[in-house]
Amino acid sequence: MKVLRSFTAFPADHRRNFTRTRGKECFRSSCSSLVSITQSSLRKLLAILGIAAAVLLLGTQAEAANYLWFKTTNDSDLTWAYSTSDSEPATGWSSNIGMSQFDATFKQKLADYQYSGGLNVRLVGDGIRTYTTVGIGNLAGGNYAILNNYPLLDIRGKGIYTTILKLKDAAPVSTFFNYVIEPTGYIQRFRLANLTLNCNWNGQSSLWSSPTYSSGFKTGGLAVKCVYEGTVEYVKVTDFGSSSKCTQAEACNQSPPCQEVNAAGVEAFGIKVVTGNFDQPLYEPLITVRNCEVTGFSRVKNGYCTGIVVETSDQEVTNIAAGCSGTLQVGQKRPVGCRTDGPNGTGNPVRMALVQANYVTYLFHGIAYGVASSENVDFIGNTATYCKSAFNCDTRPAHRIKLLNNYYYNTYTGINIGAWGTTAEFRDWTIQGNEIWLEGRYYNDYLCAAQRNLLANKCMYPESDIPWEPSYCVRLAGGTGGPGPNDAIKVTSNTFSGHCCIGTSFSGPDGYRWFYFVWRPGTSAPGDPPQEACVNDPNPVISGNAVTANLQSLPGAGNVNVLSGRITFP
C-alpha cells in the first residue's frame with residue numbers, strides 16, 4: 001500500500017515578502033505605510049543636516065549584488081555572464097567554454113568577490129540540465145578555497161527536479177569523503193534553493209573500492225557551516241553513500257573482531273547544516289531546512305547515514321562563555337538557556353533552527369532526521385518513510401527540541417533520544433502530534449545492529465544468541481545529569497501504529513517479537529537489553545497518546561501511555 005501525505009508548501013521567495021516593524025513580524029504590504037513614513041522622515045532629516053550621502057544610505061543593499069550566471073543547453077556546453085541584479089541578463093554572455101570549465105570559473109569569481117559582499121550563483125539552463133563539479137568548496141586538488149567568514153554564498157537553480165548539480169566521477173577526496181557542496185570555512189550567510197544534488201555514488205566506485213579508503217569512504221549532498229544564516233529550500237539529494245571497514249559479522253564474530261575507525265561505521269549525510277554563532281538577531285532562525293527531499297542511499301559493509309541533520313553549535317555545549325551577555329571568544333558559545341527573547345536568559349526560548357515539510361525516503365540503512373550539539377530546534381511536519389529509523393539524537397547533547405506533527409511511516413524504529421554510555425545531556429523535549437507507523441518486515445538483515453557495542457570493539461552478545469532488536473515508537477535511552485527544572489521530556493498526543501515485527505524470522509529471548517510505544521530500556525521485562533539511565537528525566541510526561549485499531553485488541557495495547565509499555569507478537 002502506498003500512502004501519500006500532503007503538506008504545506010512555502011513559496012521559495014517567502015522571505016522577500018516578510019519583514020519586521022517595531023519588533024513584530026508582518027508582510028511587506030501591511031508594513032508599507034510605516035516603511036514609507038520612516039523613509040520619508042529620514043530623507044527630510046538628512047536633507048536638513050545637509051548630508052549628501054542620503055541617497056547612498058537609503059539605497060544600500062543588505063545582500064551582495066554580484067551575480068554569476070551559468071547556462072547549458074546540452075549538459076556539455078557552458079556559457080556564463082555577470083550582472084548586478086537578480087534578473088537573467090539578455091546580453092554579456094561568454095562564448096562556449098564547455099562544462100569542464102564550470103569549476104574554474106566558479107572558483108575565480110568566488111575569489112573576486114570575497115571582499116565585496118559575496119556571490120549569488122544562478123544555474124539557468126532550460127529544461128532538465130546537469131552541471132558537473134568536483135565539489136564546490138572541496139579543497140582537494142586545489143579547488144574552491146572558500147575563505148573563512150565568506151560574506152554570502154547564494155546558489156539557486158530553476159527547479160528542484162530540473163536543475164541538477166552532479167559530483168564528477170572519481171571526484172577529488174578530502175581525507176575520506178566528498179560532497180557536492182562543502183565549503184571548508186565558515187560562510188556568514190548561505191542559501192541553497194531549487195535544484196538537485198546528485199552525489200553520484202556509483203561514479204565514486206574506484207575510490208570506495210580502493211585499498212586507499214579501505215577504512216571508510218562517503219559522499220553527501222551538502223555540508224556547510226554558517227555564522228548567521230543557513231537556508232536550504234526545495235533541494236533534493238540523491239545517490240549518496242558510505243563504505244565501511246567491517247561487516248556486521250566481521251565486527252561481531254572475528255577473533256580479534258574487526259575494529260572500525262569510527263565506532264559504528266562511517267556515517268554519511270544528505271544535508272548537514274551547522275552554525276556556531278549565538279548572537280544572531282532574535283527574529284530569524286539561524287538554520288532553515290524546508291521542503292527538501294533526500295533519497296537513495298547505498299552502503300558497502302557497515303556504512304550508514306542520516307538524511308537531514310542540523311547543529312546550532314559546532315562546539316560541545318560544555319564549551320561555554322562566562323554568561324549570557326558579552327563578547328564571545330573564539331571557540332566559545334553561550335550557556336544553555338541564553339537563547340531567549342529576554343535579557344540574560346529570561347523570557348521565552350527563541351528558535352535557532354527550523355526543519356519543516358521535508359521528505360526523506362529509501363534510507364534502508366539509515367536515519368531520516370537528526371540533531372546534535374543544539375538547542376531550540378523545531379522539527380515540524382516532516383515525513384520519513386522506508387528508513388531504518390525516523391529520528392535520532394544520541395551521543396551529543398540537545399536541549400529544547402520540538403518534534404511536532406511529523407509523519408513517520410514504514411520505518412523500523414521511530415524516535416530515539418540518547419545512547420548507551422553517553423555522558424551527553426538531553427533536556428526539555430516535546431514530542432507531540434506525530435504519527436508513527438512502524439514496519440519490521442524490511443530489516444531482517446541488520447536487526448541485531450543495536451545489540452553490538454563496537455565502542456568496546458566487541459559484541460555484547462554473540463549474534464546467534466540475540467539476533468533481534470525491539471521495535472519502538474519512542475525510546476528514552478542513556479544520558480547523564482541529574483533532574484532539574486528544564487529536564488522535562490514530554491510525549492503527548494501522538495498516534496502509534498504498525499505491523500511491528502509480523503513476518504520477520506527474529507524474536508526476543510522469550511520467543512515473542514517485541515513492540516514498545518514509549519520505551520526506557522532495561523525497565524520492563526527480563527531479557528531486555530542492559531539497563532540504561534533515562535534521559536535526565538526520571539518522570540517523563542506520557543499522556544494523550546493513541547493506538548490505531550489494528551493494535552487495540554492485542555495484549556499490552558493498553559500501555560500506550562505507560563513508560564516501557566510493551567505489546568508482543570507471536
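Which residue lies over the face of phenylalanine 177? The first legend answers this. The model shown in every view is predicted.

**View 1. Two lysines sit over phenylalanine rings.**
Lysine 218 lies over the face of phenylalanine 177. Its distance from the ring centre is 5.7 Å. Lysine 272 lies over the face of phenylalanine 269. Here the distance from the ring centre is 4.7 Å.

**View 2. Phenylalanine 102 and tyrosine 131 form an aromatic pair.**
The structure holds 21 aromatic pairs. In this one, the rings are tilted, with 45° between the planes. They lie 5.9 Å apart, centre to centre. The pair links distant parts of the chain. Phenylalanine 102 belongs to helix H3 (residues 102–112), and tyrosine 131 to strand S6 (residues 129–133). The two are 29 residues apart. Phenylalanine 102 and tyrosine 131 are both buried. They also belong to one aromatic cluster, together with Phe70 and Phe106.

**View 3. Tyrosine 362 and phenylalanine 364 form a tilted aromatic pair.**
The ring centres are 5.9 Å apart, and the angle between the planes is 55°. Tyrosine 362 is partly exposed, because its relative accessibility is 42%. Phenylalanine 364 is partly exposed too, at 30%.

**View 4. Alanine 390 is buried in strand S19.**
The strand covers residues 383–393. Alanine 390 counts as buried because its relative accessibility is 0%, and the cut-off is under 20%. Beyond its neighbours within four places in sequence, alanine 390 is in contact with several residues, including Ile367, Tyr369, Tyr408 and Gly414. Asparagine 416 is 26 residues away in sequence, yet the C-alpha atoms are 8.5 Å apart in space.

**View 5. Asparagine 416 joins asparagine 392 through a polar contact.**
The contact links their side chains at 2.7 Å. Asparagine 416 is found in strand S22 (residues 413–417). Its relative accessible area is 3%, so asparagine 416 is buried.

**View 6. Alanine 357 and serine 493 have positive phi values.**
Neither residue is a glycine. Phi is near 55° in alanine 357, and near 55° in serine 493. Alanine 357 is in the loop between strand S16 (353–356) and strand S17 (359–371). Serine 493 is in the loop between strand S28 (489–492) and strand S29 (495–500). Alanine 357, at 4% relative accessibility, counts as buried.

Methods: Residues are numbered from 1 along each chain as its sequence is written. This is a predicted model: local features need pLDDT of at least 70, side-chain atom pairs count only at pLDDT 80 or more; totals for chains, interfaces and linings use all residues. Side-chain values use heavy atoms; hydrogens and water are left out. Helices (H or I, at least four residues) and strands (E, at least two) are DSSP runs, numbered from the N terminus. Buried means under 20% relative accessible area, exposed over 50%, partly exposed in between (1.4 Å probe, protein chains only). Contact means heavy atoms within 4.5 Å. A polar contact is a pair of N or O atoms within 3.5 Å; within protein, one must be able to donate a hydrogen and the other to accept it, and residues adjacent in sequence count only if both atoms are side-chain atoms. Rings of Phe, Tyr and Trp (its six-membered ring) pair if their centres lie within 6.5 Å; planes under 30 degrees apart count as stacked, over 60 as edge-to-face and the rest as tilted. A charge sits over a ring if NZ of Lys or CZ of Arg is within 6 Å of the ring centre and within 35 degrees of the ring normal.
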